[in-house]
Amino acid sequence: MNNYNINKGIGRSVEFKGLKAQYLFIFAGGLLGILILTMILYMAGVNSYVCLFIGATGASLIIWQTFSLNKKYGEHGLMKVGAVKSHPRYIICRKPIYRYLKSTPKKPAV
């Protein structure tokens, strides 16, 4: 039986065959989804060669895309890209400029 190292130290993120962090979940979820889709198509009566082709093509696409995302963005890069999309492009300021320049006197401490 094969032994696979999943975690490489305390305080470091989980890594398996080069995939790190959230890419493991994308990888596992994608392969599970392709497996379920292939099983549903087979039970629906689709030709078995078509099911095998869809399963193999889908699994290959998931594997290729996950490893390319891991290589391109790194461990936390995909989350950073998602966070950038939720930030506003610019902040609208509708107050007149003199309101920012006006100083208010400080009250003395009692």
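Close-up 1. The model is predicted. Phe67 belongs to helix H2, residues 48–86.

**Close-up 2. Phe27 and Phe67 form an aromatic pair.** One aromatic pair turns up in a search of the whole structure. Its members are Phe27 and Phe67. Their ring centres are 6.3 Å apart. Phe27 comes from helix H1, residues 22–43, and Phe67 from helix H2, so the contact ties together parts that are 40 residues apart in sequence. Is Phe27 buried or exposed? Phe27 has 18% relative accessibility and counts as buried.

**Close-up 3. UniProt lists two spans as "transmembrane region".** The entry is unreviewed, and the spans are residues 21–40 and 46–64.

**Close-up 4. Seven residues make a nonpolar surface patch.** They are Leu32, Leu35, Ile36, Met39, Ile40, Tyr42 and Met43. The patch covers about 760 Å². One of its members, Tyr42, is found in helix H1. Tyr42 has a relative accessible area of 54% and is exposed. The cut-off for exposed is over 50%, so Tyr42 passes it.

**Close-up 5. Thr38 contacts the backbone of Ile34.** Thr38 is in helix H1. Which atom does the Thr38 side chain reach? It is the backbone oxygen of Ile34, at 2.8 Å. Thr38 is buried, with 18% relative accessibility. Buried means under 20%, so Thr38 falls within that class.

**Close-up 6. Ile91 and Ile92 lie in the loop between H2 and H3.** Helix H3 spans residues 97–101. Ile91 is exposed, at 78% relative accessibility. Ile92 is exposed too, with a relative accessible area of 53%. How far is Ile91 from Ser48 in space? The C-alpha atoms are 56 Å apart, and the two residues are 43 apart in sequence. Ile92 and Asn3 are 89 residues apart in sequence. In space, their C-alpha atoms are 56 Å apart.

Conventions. Residues are numbered from 1 along each chain as its sequence is written. This is a predicted model: local features need pLDDT of at least 70, side-chain atom pairs count only at pLDDT 80 or more; totals for chains, interfaces and linings use all residues. Side-chain values use heavy atoms; hydrogens and water are left out. Rings of Phe, Tyr and Trp (its six-membered ring) pair if their centres lie within 6.5 Å; planes under 30 degrees apart count as stacked, over 60 as edge-to-face and the rest as tilted. Helices (H or I, at least four residues) and strands (E, at least two) are DSSP runs, numbered from the N terminus. Buried means under 20% relative accessible area, exposed over 50%, partly exposed in between (1.4 Å probe, protein chains only). UniProt positions are given in the numbering used here, feature names are shortened, and annotations may be inferred rather than shown by experiment. Patches are made of residues with over 30% relative accessible area and no salt bridge: like charges are joined within 9 Å, nonpolar side chains (Val, Leu, Ile, Met, Phe, Trp, Tyr) within 5 Å. Accessible areas come from the Shrake-Rupley method with a 1.4 Å probe; for residues, only the protein chains shown count as cover. A salt bridge is a side-chain nitrogen of Lys or Arg within 4 Å of a carboxyl oxygen of Asp or Glu. A polar contact is a pair of N or O atoms within 3.5 Å; within protein, one must be able to donate a hydrogen and the other to accept it, and residues adjacent in sequence count only if both atoms are side-chain atoms.
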